[in-house]
Amino acid sequence: MGRGYGVMMKSTVATSKSQARLKLTDEGTITLYTSTVEMGQGGHTTMAQIASEALSLPLSAISVVGPDTAITPFDSTTSASRSTSMMGNAVIAACGSMKKRLFELSAWLLETPPDKLRIEKGFVVAGESSISFADILKRSDLNDLEEIGEYSTSLGIDPETGQGVATPHWHQGAGAAEVEVDLETGRVAVLRYSAASFAGRVVNPRMAQLQNDGNVIFGLGPALMEEMMIDGGQVTNPNLSDYAIPSIRDIPPELVSTCIESKAGELHGIGEMTLPPVAPAIANAIEDAIGVRIKDMPITAEKVLRALREKPD
């Protein structure tokens with residue numbers, strides 16, 4: 001038995017831009033146009049939740065239109081754990097512009113200066129009086145109202161001096177593993193794993209946990225089993241029947257993860273944070289268990305047995 005841990009820190013894209021567009025209809029519903037690619041990570045749900053909170057609307061009133069170069073605004077990329085931070089802030093900016101327009105349109109209707117108004121559950125409120133978003137548009141003879149928001153960073157390192165700012169955020173993750181090593185077969189079983197990532201502010205706790213957990217499960221593959229076999233320049237295991245990936249039976253019986261938040265509540269990405277620590281945590285745990293250090297992945301049973309045989313007495 002052995003225990004080990006690993007930590008990581010990575011940058012994101014130094015120079016980047018995201019734009020989001022909101023369309024409010026005279027039915028009081030919002031369409032959010034975003035070029036964030038939904039690939040199962042929950043990006044569109046996250047953007048809808050951010051808009052829902054910023055505009056004080058129910059989530060059911062917001063629909064999301066994904067990447068379409070004909071209608072969705074610009075986004076640099078869906079990668080580098082940047083979407084929640086970059087596109088999320090673009091959505092917040094678009095919501096801010098939408099609120100400003102709604103206040104301007106409703107000020108004369110409520111006979112209240114725009115800076116004295118607030119939004120609440122789909123209404124613009126002034127003291128005891130209020131008017132719905134839908135009625136604001138109808139009484140202003142508008143079918144819809146559109147606003148766009150943008151968030152960008154322009155950073156980098158000077159190639160001559162080596163000085164500058166490399167990233168708008170540093171992303172941190174950590175993991176700890178408890179393993180059991182069979183001294184006769186070399187088989188490694190991960191019994192417990194705990195993962196953590198720094199999120200700044202969590203938008204959707206359930207999806208954040210699934211992202212963290214999924215990273216760990218994904219990381220078990222290159223750590224313990226995934227390997228491309230090449231013979232004479234040809235890959236000899238090009239199919240999933242020959243190329244091993246983690247199955248549900250490989251998941252540690254005890255797998256826990258957490259997202260750490262800050263008082264400032266700044267949005268950070270967590271897309272990759274709990275993945276890189278998996279292999280070093282397991283390797284450290286194996287060394288703790290049997291006293292040998294295996295430095296090349298995957299750490300297969302054959303490599304463990306070879307290391308044990310070559311271990312000095």
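**View 1. Residues in the contact of H4 with H5.** In this predicted model, Asn215, Val216, Gly219, Leu220, Ala223 and Leu224 of H4 meet Val278, Ala279 and Ile282 of H5, where contact means heavy atoms within 4.5 Å and helices are DSSP runs of H or I with at least four residues, numbered from the N terminus. The residues of this contact comprise 7 nonpolar, 2 polar and no charged, with Ala, Val, Leu, Ile, Met, Phe, Trp, Tyr, Cys and Pro counted as nonpolar, Asp, Glu, Lys and Arg as charged, and the others, Gly among them, as polar.

**View 2. Crossing of H4 and H5.** The axes of helix H4 (residues 205-224) and helix H5 (residues 278-290) cross at roughly 60 degrees and come within 8 Å, the axes being lines fitted to C-alpha atoms over the stretch in contact, with angles from 0 to 180 degrees between N-to-C directions. H4 is therefore oblique to H5.

**View 3. The open sheet E5-E6-E7.** In the order E5-E6-E7, 3 strands form an open sheet with antiparallel pairing; strands are DSSP runs of E with at least two residues, and two strands pair if DSSP finds at least two bridges between them. Strand E5 (118-120) and strand E7 (129-132) stand at the edges with a single partner strand each, so one side of each lacks a neighbour in the sheet.

**View 4. Pairing of E6 with E7.** Strand E6 (residues 123-126) pairs with E7 in the antiparallel sense over 4 bridges, and Phe123 stands opposite Ser132 in E7.

**Notes.** Residues are numbered from 1 along each chain as its sequence is written, and side-chain values use heavy atoms, leaving out hydrogens and water. Local features need pLDDT of at least 70 and side-chain atom pairs count only at pLDDT 80 or more, whereas totals for chains, interfaces and linings use all residues.

Key: Angles under 35 degrees count as roughly parallel, over 145 as roughly antiparallel, 65 to 115 as roughly perpendicular and the rest as oblique.
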